[in-house]
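The following note collects comments on the model shown below.

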Amino acid sequence: NNNFFTTDGAVTFFDFDLCGYGWRVYDIAMFIWSMRQIQAPAELGETFVAGYQSRRPLSSAELAAIPSFVAMVQIFMMGFHADCTDWAGRAFLNGSYWENGFGLLQSLAQEGEAIR
């Protein structure tokens, strides 16, 4: 829902959820996290980071922080989902949900980086 496509094929990404001061690395991590949720090819994350790099390069510290931020997104989202049960229900918070959620955290820890 954060993509706008023009008739000539141009794409604009925008996201005003939770808007405010933040880190670009968190924005990148959110995209990479989202791509992992749908099991998209790693090249999408690489292309996304390259786009950021082409406009305003990330420092080596920022690049190194991406995996940690992807893990933070995962932890945040698990907490957010658990917190919104009043209006979203609990059915989706089944064993598979938690297994996948903690599985991603384990994968990130084993990989040492989110998406190359």
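Predicted model: local features only at pLDDT ≥ 70, side-chain atom pairs only at ≥ 80, totals over all residues.

1. How many positive and negative side chains does the protein chain have, and how far apart do the centres of the two sets lie? The protein chain carries 6 positive and 12 negative side chains, and 5 Å separates the centres of the two sets. Lys and Arg are counted as positive and Asp and Glu as negative, with His and the chain ends not counted; the place of a charge is NZ of Lys, CZ of Arg, CG of Asp or CD of Glu.

2. Residues are numbered from 1 along each chain as its sequence is written, and side-chain values use heavy atoms, with hydrogens and water left out.

3. Five helices and two strands form the secondary structure of the protein chain, in the sequence order β-β-α-α-α-α-α. Helices (H or I, at least four residues) and strands (E, at least two) are DSSP runs, numbered from the N terminus. Along the principal axes, the C-alpha atoms fill a box of roughly 40 × 35 × 30 Å.

4. Of the 116 residues in the protein chain, 28% are buried; buried means under 20% relative accessible area, exposed over 50%, and partly exposed in between (1.4 Å probe, protein chains only). Among contacts (heavy atoms within 4.5 Å) between residues at least 6 apart in sequence, 62% join residues at least 24 apart.

5. The second largest pocket has a volume of about 380 Å³. Its lining comprises 17 residues, and those nearest its centre are Arg-36, Gln-37, Gln-74, Asn-100 and Leu-104. Helices α1 (24-37), α3 (60-83) and α5 (95-111) each give at least two residues to this lining, and α5 has the largest share, with six residues. On a 1 Å grid over the protein atoms alone, a pocket is an open set of points where a 1.4 Å probe fits, with protein on both sides within 12 Å along at least five of seven lines; lining residues have an atom within 4 Å of a point. Grid points are joined across faces, edges and corners, and the volume is the space filled by probe spheres set on the points.

6. Gln-74, in helix α3, is buried at 4% relative accessibility. Beyond neighbours within four places in sequence, Gln-74 contacts Trp-33, Gln-37, Gly-101, Leu-104 and Leu-105.

7. Met-35 belongs to helix α1 and is buried, at a relative accessible area of 14%. With neighbours within four places in sequence set aside, Met-35 contacts Ala-40 and Leu-44. Met-35 and Leu-105 are 70 residues apart along the chain, and their C-alpha atoms are 15 Å apart.

8. Gln-39 lies in the loop between α1 and α2 (42-55) and is exposed, with a relative accessible area of 71%. Although not a glycine, Gln-39 has a positive phi of about 55°. Most residues other than glycine have a negative phi.

9. Is Thr-85 buried or exposed? Thr-85, placed in helix α4 (residues 85-88), is buried, with a relative accessible area of 10%. Apart from neighbours within four places in sequence, Thr-85 is in contact with Arg-90 and Leu-93.
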